[in-house]
Amino acid sequence: MGHKKLVRFAAIETFPNVLQYPEGMAGKWAEFFGNGNELTLELACGKGEYTLGLARMHPQRNFLGVDLKGNRIWAGARKAIAEGLKNAAFLRILIDGIEKFFAPGEVGEIWITFPDPQLRTGKAKKRLTHPRFLRRYQSILKPGGKIHLKTDSPNLYGFTMKVCAMYGCNVLDSTDDVYAQPQINDELQIKTYYESLDIAGAARVHYVCFTLPQQLPGTELDALLQQQLFEDEQPAG
Ligand SMILES: C[S@@+](CC[C@H](N)C(=O)[O-])C[C@H]1O[C@@H](n2cnc3c(N)ncnc32)[C@H](O)[C@@H]1O
């Protein structure tokens, strides 16, 4: 591992706004932030541009960036400390186990920002909007809590729209070209590091905002979803 990464890993150990695989945090986030304000998560936060941007916009809410990569979290956490942003913090975990870190209903809203699109159909279960993940989010999200996905991947956007249709999610807003809209709200104008890279080469940013149904269909439907993906999706290189 490079020297820079080691230095950053050592630094986040000492940062008061970074928690790494903490134990016993479910139900304790109000205590952590020192207030009972609503909690919003940014999943796949990387350097946490949404966590910081939203925290600056909404001082009366709390924001938590979630990612596995400590050296990326370091960048966002360092900025939050430098700016004195008390309503922004970071959680270093694998999102696959996120339900262990929050009590039911403890999360008000979720942003998923430019997650890895996992283009291979065989890896669809790793997409952060796969029903396997939506069930985890449902167990921590308050009823009616919004989930926002911002992505440069037309594939992930199409997949998420398909999941919403199959699993009874309520799509509140969607666009396959955010910046072509006549009016773009301030939240959607926050730009992330990966957004600037335009890895998908589509030169367009896609966005969908949805809520979950009261009860998501069971795992039996996941096999049908996977079968349809194998029929629909172009093989990725
Ligand atoms: C393409 S980057 C996007 C980072 C940032 N949101 C941006 O737009 O610049 C995707 C991030 O998701 C994180 N990630 C992907 N799957 C994850 C998982 N299952 N658990 C935790 N982090 C994950 C990666 O570590 C990476 O930092």
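Predicted model: local features only at pLDDT ≥ 70, side-chain atom pairs only at ≥ 80, totals over all residues.
Student: How many residues surround the ligand?

Tutor: The closest residues are Ala44, Asp67, Arg72, Thr192 and Tyr194.

Student: Which residue has a side-chain N or O atom 2.6 Å from an oxygen atom of the ligand?

Tutor: For Tyr194, a backbone N or O atom lies 2.8 Å from a ligand oxygen. In the side chain of Arg72, an N or O atom is 2.7 Å from an oxygen of the ligand. The 2.6 Å distance belongs to the side chain of Thr192.

Student: What share of the ligand's accessible area does the protein cover?

Tutor: The ligand sits in the largest pocket. On its own, the ligand has 590 Å² of accessible area. Of this area, the protein covers 91%.

Student: Which residue meets Arg56 in a salt bridge?

Tutor: Side chains of opposite charge can pair when their charged atoms come close. The structure holds 10 salt bridges. In the one that involves the side chain of Arg56, the N to O distance is 2.7 Å, and the partner is Glu83.

Student: How many residues apart are Arg56 and Glu83?

Tutor: Arg56 is in helix H3, residues 49-57. Glu83 is in helix H4, residues 70-83. The pair links distant parts of the chain, and the separation is 27 residues.

Methods:
Residues numbered from 1 in each chain as written. Heavy atoms only, no water. Near = heavy atom within 4 Å. Polar contact = N/O pair within 3.5 Å; in protein donor to acceptor, adjacent residues only side chain to side chain. Areas by Shrake-Rupley, 256 points an atom, 1.4 Å probe, with all protein chains shown as cover. 1 Å grid on protein atoms, 1.4 Å probe; cavity = no way out; pocket = protein on both sides within 12 Å on 5 of 7 lines; lining within 4 Å. Sits in = over half its atoms within 2 Å of the grid points. Salt bridge = Lys/Arg side-chain N within 4 Å of Asp/Glu carboxyl O. Helix = DSSP H or I, 4+ residues; strand = E, 2+ residues; numbered from the N terminus.
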